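Colleague: I have some questions about how the labels on this model were assigned. Please set each value against its cut-off.

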Amino acid sequence: MVFDKREAGVLLPIFSLPSKYGIGTFGKEAYNFIDKLKKAKQSYWQVLPHGPTGFGDSPYQSYSTFSGNSYFIDLELLQEKNLLTKEECESINWGEDEGYVDYDAVSKGREILLRKAFERDNYKSSDEYKEFIRTNNYWLEDYALFMALKDENNQKPWYLWTTEEKMREETAINKSKKRLNGKIEYYIYIQFLFFSQWRNLKQYANENNIKIIGDIPIYVSLDSADVWANKHLFDLDENGKPNQVAGCPPDAFSETGQLWGNPVYIWAEHKNDNYRWWISRLKAIFDMYDVIRIDHFRGFEKFYAIPSNHKTAENGKWEQGPGLDLFKEIKNKLGDVKIIAEDLGYITSEVRKLLKDTGYPGMKVMQFAFKKGVNSEYLLHNHIKNCVVYTGTHDNQTSKSWYEDMTWEEKNYAGQYMGFYTEVWDKNRFIRHTMSSPANLVIVPIQDYIELGDEARINTPSTVENNWKWRLKIDQFDDECCRYMAYISNLYYRDNRENQIKK
């Protein structure tokens, strides 16, 4: 069992942390957040994927599954190393609203400042830098070259580059490495900064008994170093365009389904290679986090593939995934790793069996529970110890807004089930109910503790604008909130005490 005792944690993306310079980072406020989690008797901090993002700024569409997002490198820590000055950092326009990320401003400002740090740093003489290259070279060089070529090609996706570059012909690649050596070194340096700062932050969290839950999507972006360097593992045509793309079929939430656009895997190729790429991917991610939540777990049993020339997901088809075979190899190579399976949505008996056979905990979301006349698996009496319960996730409304948008019938049923009825949102009663679950782990987004509405929503699925932007203000997670979190965790034996029944 991944979680063998009753514990609690908080969901907050790194970009949502307070900071001086436009976006949350691995700096002072991240350390302060860990201190507050400890004070609040929490055991876990769940974050979203950390990869570098492109159009739409979604952490689930990254240029690399192995690399880190330069936005999270803390500039004040670079000031302490005399790589930047306070005046240089404060000369940048980081956006007009401290409550939301202005990605255009952040991207432009950081490009200027990080290149200054790169030019001033004597990084090449560092043993730490040499060790970083040695241990990460299996992905690092491909990623740095990929990003350098994107710069040279005005950010066009790799499948629109010259034939020699997109097909990675040896002569062209060798010429590109020589021609773009300076840019390649810059991108390697950025990853060195990212992982150095993250390693220190994670170590601090672990020393304070806070474990980090990371998050990875099942699929990777078409325009990524992962696909460019491993084309044979993906269903692509001779020009590098996908034959089929991933998505979800039509359902109650979408009449035409969801068209994600990610290339699907050729699982037979992965199996022939003993899942080497997946093993490398998970090993790298587990070097970053204590636990990993894998998005869209059902795609490992069967995945929905849509012809790439279709405009909607209505005419896709289900194809067989790797099933238990992949997870046996993961266990064989990596041991008993801690994985949370995102098993939301329509789940078949075959997916349930795969989940049971792996032993991974699935997810329960309390916002999905209260449909009158439906014995929902999300209702508390259907929870088991080996699952992770959320009030809501990064894809949901905040619980306050969700409750306000419920119909009278739904509110009435929820009130009867939970033992109270109120026309207005009541944080204490809803979080109490969630904390009383038999599940060993409960995760609550920080927005629910501080009672924010949809102005603090992280993401609205199937939309592009106004996502991944919300930021916590420095005074919102205060001592009163910490005391409440500690109280509610203590009340339901989720505060790391020793005298609780395990398993």
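**Labels and their grounds**

Modeller: The model is predicted. Let us start with helix 18, whose buried residues pack against strand 1 (7-11), helix 1 (28-39), helix 16 (427-435) and helix 17 (446-449).

Colleague: How do you know what span to expect of helix 18?

Modeller: Helix 18 covers residues 479-491, 13 residues in total. The expected span is 1.5 Å times one less than the number of residues. That gives 18 Å, and the helix reaches 18 Å from its first C-alpha to its last.

Colleague: Which residues of helix 18 are buried?

Modeller: C481, C482, Y484, M485, A486, I488 and S489. After the helix comes Y493, with a positive phi near 55°.

Colleague: Why is the pair Y413 and Y417 called tilted?

Modeller: Planes under 30 degrees apart count as stacked and those over 60 as edge-to-face, with the rest tilted. The planes of Y413 and Y417 stand at 50°, so the pair is tilted. Their centres are 6.2 Å apart, and the cut-off for a pair is 6.5 Å. The two residues are four apart in helix 15 (residues 408-418), about one helical turn.

Colleague: What makes Y413 buried and Y417 partly exposed?

Modeller: Buried means under 20% relative accessible area, and exposed means over 50%. Y413 has 19%, so it counts as buried. Y417 has 25%, so it counts as partly exposed.

Colleague: What puts the charged end of K211 over the ring of Y44?

Modeller: The distance limit is 6 Å from the ring centre, and there is an angle limit of 35 degrees from the ring normal. The charged end of K211 is 4.8 Å from the centre of the Y44 ring. Likewise, R168 lies over the face of W228, 4.4 Å from the ring centre.

Colleague: Which residues have the most contacts inside the largest nonpolar core?

Modeller: W45, W278, F300, F370 and Y449, in a core of 161 residues. Helix 8 (residues 181-207) gives the largest share of this core, 13 residues. Beyond its neighbours within four places in sequence, W45 is in contact with residues including V10, F33, I34 and K211.

Colleague: What is the phi of N466, and what is that of W468?

Modeller: N466 has a positive phi of about 65°, and W468 one of about 60°. Most residues other than glycine have a negative phi. N466 lies in the loop between helix 17 and helix 18, where W468 is also found.

Colleague: Why is N466 called exposed and W468 buried?

Modeller: N466 has a relative accessible area of 58%, and the cut-off for exposed is over 50%. W468 has 5%, and buried means under 20%.

Note on methods. Residues numbered from 1 in each chain as written. Predicted model: local features only at pLDDT ≥ 70, side-chain atom pairs only at ≥ 80, totals over all residues. Heavy atoms only, no water. Buried < 20%, exposed > 50% of the residue type's maximum accessible area, 1.4 Å probe, protein only. Contact = heavy atoms within 4.5 Å. Phe/Tyr/Trp six-rings, centres within 6.5 Å; stacked < 30°, edge-to-face > 60°. Core = buried A, V, L, I, M, F, W, Y, C linked by side-chain atoms within 4.5 Å.
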